[in-house]
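Please read the notes below alongside the structure.

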Amino acid sequence: NEEYRQLVDALKSARLAVGVTQQQVADAIGQPQSYVAKVEGRERRLDITEFIQICRVIDCNPLTLLASLLNQDA
């Protein structure tokens with residue numbers, strides 16, 4: 001759905017903003033690079049713990065990211 005697309009797009013944008021590659025994220029969370037590609041391609045859905053793990057790797061506060069999405073709807 002649209003909200004999930006926005007979440008994934010924001011997560012990807014945050015990753016790119018800090019210059020972290022999909023491979024670096026994958027290595028840090030113990031997954032193959034294809035896992036990150038599938039998440040970013042919206043072929044695989046994240047659960048909340050995976051979302052938090054990725055946020056930590058890219059030094060992004062998960063609450064701040066979620067709040068920014070909520071503020072878009074306001």
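Is Asp59 buried or exposed? Asp59 is exposed, at 72% relative accessible area, where exposed means over 50%, buried under 20% and partly exposed in between (1.4 Å probe, protein chains only).

The model is predicted, so local features need pLDDT of at least 70 and side-chain atom pairs count only at pLDDT 80 or more, while totals for chains, interfaces and linings use all residues. Residues are numbered from 1 along each chain as its sequence is written, and side-chain values use heavy atoms, with hydrogens and water left out.

**Nonpolar core**

- The largest nonpolar core has 21 residues; such a core is a set of buried Ala, Val, Leu, Ile, Met, Phe, Trp, Tyr and Cys residues joined through side-chain atoms within 4.5 Å.
- Leu11, Val25, Leu46, Phe51, Ile58 and Leu65 touch the most other members of this core.
- At least two core residues come from each of α1 (2-17), α2 (22-29), α3 (33-40), α4 (48-57) and α5 (62-73), with helices (H or I, at least four residues) taken as DSSP runs and numbered from the N terminus.
- Helix α1 supplies the largest share of the core, 6 residues.
- Beyond its neighbours within four places in sequence, Leu46 is in contact (heavy atoms within 4.5 Å) with Tyr4, Leu11, Tyr35, Val39, Phe51 and Ile54.

**Cavity**

- The structure holds 1 cavity of 30 Å³ or more; on a 1 Å grid over the protein atoms alone, a cavity is a set of points where a 1.4 Å probe fits but cannot get out.
- The largest cavity has a volume of about 60 Å³, a volume being the space filled by probe spheres set on the points, which are joined across faces, edges and corners.
- Its lining (residues with an atom within 4 Å of a point) consists of Leu11, Lys12, Arg15, Val25, Val36, Val39, Glu40 and Ile54.
- Helices α1 and α3 are the elements that give two or more residues to this lining.
- The lining divides into 5 nonpolar, no polar and 3 charged residues, with Asp, Glu, Lys and Arg counted as charged, Ala, Val, Leu, Ile, Met, Phe, Trp, Tyr, Cys and Pro as nonpolar, and the others, Gly among them, as polar.

**Loops and helix α4**

- Asp59 lies in the loop between α4 and α5 and has a positive phi of about 55 degrees, although it is not a glycine.
- Arg42, in the loop between α3 and α4, has a positive phi near 60 degrees and is likewise a residue other than glycine.
- Arg42 is partly exposed, at 38% relative accessibility.
- Ile52, in helix α4, is partly exposed with a relative accessible area of 27%.

How values were computed: On a 1 Å grid over the protein atoms alone, a cavity is a set of points where a 1.4 Å probe fits but cannot get out, and a pocket is an open set with protein on both sides within 12 Å along at least five of seven lines; lining residues have an atom within 4 Å of a point.
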